[in-house]
Amino acid sequence: MKNIKPKQNAEQPIADLDLFTQEISGIEPLKQDKIPPQRFSSKYISQSQQKNLTEHNQIKQVTASFIFSDGFEGYFNPDEKMKYVKPGADSHEVKRLRRGDYSPELLLDLHGLKQEEAKHEIAALLHEAHKQHFHCVSIMHGIGKYILKKSVPNWLIQHPYVLGFHQAPAEWGGKSALLVLLDVPDSHKKN
């Protein structure tokens, strides 16, 4: 660095300009790096935004295709483990759930979700499981304040794909989870 002694006269601003011009004299301007600036036009949607939008629309469509009612409450014996068998379904299959003969093919964890969010997630899970011909899924509702623990069984018994459910064995969540048996055509069952 140069030792520059400040001048004490009226020509100081001119000297500063000369000094600045002298310091930048060998500098060349930067060349454009050929990266176009991001477009914020509403007409332009990136591929990732398009994918997210498509997934969001599919979830909305699935949840709109089946809406759970909060006004419906089924009767569940408080002295027994949580279980349900759809009228006309084989109760032996639900016993197999209890014994742990079925391993869930999809898992859904509802911890931290509000009731409305949980409804949408359950509807999407049931739709996806039916679409992929999965026979058993697990829904972890947790215990907490018993809000989801009480609501989830009431929602499940309303859904046409649900043949039955049982409180999960300890390895799949115990009292804080349900194993759900879904109606899948016999040709697609995976035992």
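Q: Which backbone atom lies 2.9 Å from a polar atom of the side chain of N154?
A: In this predicted model, local features need pLDDT of at least 70 and side-chain atom pairs count only at pLDDT 80 or more, while totals for chains, interfaces and linings use all residues. Residues are numbered from 1 along each chain as its sequence is written, and side-chain values use heavy atoms, with hydrogens and water left out. N154 is found in helix α5, helices being DSSP runs of H or I with at least four residues. The atom 2.9 Å from its side-chain polar atom is the backbone nitrogen of G74.

Q: Is N154 buried or exposed?
A: Buried means under 20% relative accessible area and exposed over 50%, with partly exposed in between, for a 1.4 Å probe and protein chains only. Because the relative accessible area of N154 is 7%, the residue is buried.

Q: Leaving aside neighbours within four places in sequence, with which residues is N154 in contact?
A: Contact means heavy atoms within 4.5 Å. Once those sequence neighbours are set aside, the partners of N154 are F72, E73, G74 and F76.

Q: How do the residues of the lining of the largest pocket divide by class?
A: Ala, Val, Leu, Ile, Met, Phe, Trp, Tyr, Cys and Pro count as nonpolar, Asp, Glu, Lys and Arg as charged, and the others, Gly among them, as polar. Helix α5 (residues 147-156) gives the largest share of this lining, three residues. By class, the lining of the largest pocket holds six nonpolar, four polar and six charged residues.

Definitions and conventions: Helices (H or I, at least four residues) and strands (E, at least two) are DSSP runs, numbered from the N terminus. A polar contact is a pair of N or O atoms within 3.5 Å; within protein, one must be able to donate a hydrogen and the other to accept it, and residues adjacent in sequence count only if both atoms are side-chain atoms.
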